[in-house]
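I opened this notebook to record what I looked up in the structure.

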Protein chains: 2
Amino acid sequence: MEKDSRVSLIIIGGGEDKNAHMEILEDVVRLSGGKDANIAIITTATNYPLEVGEQYKRIFYDIGANLVDTLNIESRKEANNKHLLRNLEDIKCLFFTGGDQLRISSILGGTEFHRYIQQRIKKDLIVAGTSAGASMMSEVMVVAGDDEEAPRKSTVKLAPGMGFIKGVIIDQHFNQRGRIGRLLGAVAQNPYALGIGIDEDTAIIMNDKEEIEVIGSGVITIVDGKEITYTNISEQNQHEPLAITGVKVHILPEGYRYSLINRKTIIDEK
Amino acid sequence: MEKDSRVSLIIIGGGEDKNAHMEILEDVVRLSGGKDANIAIITTATNYPLEVGEQYKRIFYDIGANLVDTLNIESRKEANNKHLLRNLEDIKCLFFTGGDQLRISSILGGTEFHRYIQQRIKKDLIVAGTSAGASMMSEVMVVAGDDEEAPRKSTVKLAPGMGFIKGVIIDQHFNQRGRIGRLLGAVAQNPYALGIGIDEDTAIIMNDKEEIEVIGSGVITIVDGKEITYTNISEQNQHEPLAITGVKVHILPEGYRYSLINRKTIIDEK
């Protein structure tokens, strides 16, 4: 990341290394201030909030964070509690665990907590998330869809996400679960949105200039539909296979950067 | 397919329906002459030549073929036997079963049988193949590579194929086994070659104008590297992730046609 830019998002494709080589989680702590890092773990997505919360808490303390809280917000009422927000003033990074992205959007969407994040992310907050915590980042998020299947029109189910990243659809566990078909289906529905598939143990770091940088052991797959010449997505019969021509695909591993605004790989420093 | 063209290849992505809805195998019989169809099944790829050969024989007779032979060529000596070739004069279609594509290339490559096919395919022979029998069709074939993995430089192992289709690399069981990563790796090595990933129960029919048409229940994925702007494939360290920008991808289901010569979807009739 460039020195004069500020990190606002860390979006992890799930399955980040939690043992030997915790590069991604170490970066979460480092970018949040290292030994001064104050992190709140949001376990809303998972059905095992205590176990998952404790696991990340231990890891972030092991890495050297200053303060690690776990916040298991389980209802919209809690998410609208202003007392909760006052406790977040010293937090530098919100870390969303995996689970079900619809739990995040249905419990947190449109609440005071959501509005608080939207305001502070413009100033000094980092929002990090893995797996479901990655999917929920975009305005439109992938909820379900067949893995390892031929792209079909009806394969992919979309829902409104939390909107921390604009004009993008995120998918996670990408190559590991063979999800290119469902991401193509999502992008074909509106090529305005750029598809970004993130592998396991891989993440993108976004700065306030909407530039992303790849970290981790896998790759990201960028699906750019702006040059699509033909698709049958709007025709009848939701179960028939998808046709789509002229999609541009980029595969980027660690160290590569991409401008979401220009839709271009940033190669000046390579 | 256009009326004034002649079918030369039927390339099947494996897992073609053999029970209720045998569209692809029915097309093999139909294009080979229907009730006049004489088909030879080549079981060289499989370790179970009797079982596999008998299964296809029964199916092709059930569909209504005139004559179905099974040819289990297991050695280069057999493949050089001119008596074998004389028995093929009345055969309209050679059908290669699945198994191991290296068995096909190592046993049949460069033999009299191979030369015979190359000559007759220009005149009146149809070569059909499924799974390994599909991979072996191209000049360079995919032998092995990790499924459902982030694209890595070393992931894909290539070998010389039988060369019935030029300038193309075929991969099969495509979306079902999450193989986009390994096909991208293959195409990045030489964007001269067009990558074609064929799903299960899906096939391409090629005519003598090098136009392909899709049939079956899945899709084909065409990976066109001619506009690649950057790749790290030639740099050091074979195990690091692949970077590749500017790949063009097309997804085509049944009924769609594509010109291999022009690298364009043929949409005039849609």
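**Entry 1, conventions.** I worked on a predicted model, in which local features need pLDDT of at least 70, side-chain atom pairs count only at pLDDT 80 or more, and totals for chains, interfaces and linings use all residues. Residues are numbered from 1 along each chain as its sequence is written, chains are lettered from A and ligands numbered from 1 in the order in which they are written, and side-chain values use heavy atoms, with hydrogens and water left out.

I looked up the contacts (heavy atoms within 4.5 Å) and found 33 residues of chain B touching 33 residues of chain A. The size of an interface is often given as the accessible area lost when the parts come together. I noted a buried area of about 2700 Å² between chain B and chain A, 58% of it from carbon and sulfur atoms; buried area is the accessible area (1.4 Å probe) that two parts lose on being put together, summed over both.

I used the criterion of a side-chain nitrogen of Lys or Arg within 4 Å of a carboxyl oxygen of Asp or Glu. The whole structure holds 24 salt bridges over all chains, and 2 are counted between chain B and chain A. In one, B:K248 pairs with A:E227, with the closest N and O atoms 2.7 Å apart. A:K248 likewise forms a salt bridge with B:E227, at 2.7 Å between the closest N and O atoms. This pair crosses from strand β14 of chain A to the loop between β12 (219–224) and β13 (230–231) of chain B; strands are DSSP runs of E, at least two residues, and helices runs of H or I, at least four, numbered from the N terminus.

I paired rings of Phe, Tyr and Trp (its six-membered ring) with centres within 6.5 Å, planes under 30 degrees apart being stacked, over 60 edge-to-face and the rest tilted. This gave 8 aromatic pairs over all chains. A:Y56 and A:F60 are stacked, at 6.1 Å centre to centre and 25° between the planes. Because they are 4 residues apart in helix α2 (residues 49–63) of chain A, A:Y56 and A:F60 are separated by about one helical turn.
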